[in-house]
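Please look over the fold shown here.

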Amino acid sequence: MATLNESQSGKAAKGRTKKVTPRVDLTAMVDLMFLLTTFFMLTTTLSQLNAADIAKPDKTDINIKENFPESRTMTIVLGKNNRAISYMGTIEKANMKVMPVADLQKEIMANKLLVAATHQNNPSKHMIVIIKPGKTARFQNFVDAVDEMKIADIKSYSIDDEHFDDKELLFMKNNGL
């Protein structure tokens, strides 16, 4: 019986075929991946830098008020609690108004129409806006004010965070800004 088992086990060893592991050729897949990558790289537009143009007055310019015509200059002073002060012209003749920052667009558009009517819609006599963010103003309010310049199509605006008049500071203090 031992000889029978040996002969059967020998036949099993000789008759057994070696199993070949299946191979997958990924060459076509890699080629397709490179083609798609190249296609998307060449057809995709890169994002554009979305920065706002900001002009600040020169630090050496002491007589900054003389550079802006009184009849078409609006000043916006940003304070705390999402409030702002706006006035037209110079501080000496100013009729200062306290308003929420959310209402700036209405005020800007009203003053823009007033300037256009005063100057017979002369395109060279556009409204100029000076934005003065106070020390207590939130950065978001500043960004909103600059956005309003773009929305209202204000051609000339300036940021001045260093030249506050005494009357502006006193008005801010009296109104809790």
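Which strands does H4 lie across? H4 lies across S1, S4 and S5, and runs at about 170° to S4. Axes are lines fitted to C-alpha atoms, for helices over the stretch in contact, with angles from 0 to 180 degrees between N-to-C directions. Contact means heavy atoms within 4.5 Å. Helices (H or I, at least four residues) and strands (E, at least two) are DSSP runs, numbered from the N terminus.

This is a predicted model: local features need pLDDT of at least 70, side-chain atom pairs count only at pLDDT 80 or more, and totals for chains, interfaces and linings use all residues. Residues are numbered from 1 along each chain as its sequence is written, and side-chain values use heavy atoms, without hydrogens and water.

The sheet is open, with five strands in the order S3-S2-S1-S4-S5 and mixed pairing. S3 and S5 are the edge strands; each has a single partner strand, so one side of each lacks a neighbour in the sheet. On average, neighbouring strands are turned by 25° against each other, direction ignored.

Two pairings are listed here (strands pair if DSSP finds at least two bridges between them).

| Pair | Sense | Bridges |
|---|---|---|
| S4 (residues 128–133) and S5 (residues 156–159) | parallel | four bridges |
| S2 (residues 83–88) and S3 (97–100) | antiparallel | four bridges |

Ile-131 stands opposite Ile-159 in S5. Ser-86 has Lys-97 in S3 as its bridge partner. Helix H3 (residues 104–118) packs on the sheet and touches S1 (73–78), S2 and S3. The direction of H3 makes about 165° with that of S1.

S4, H4 (residues 139–151) and S5 form a right-handed β-α-β unit. Right-handed means that, with the strands pointing away from the viewer, the path from the first strand over the helix to the second runs clockwise.
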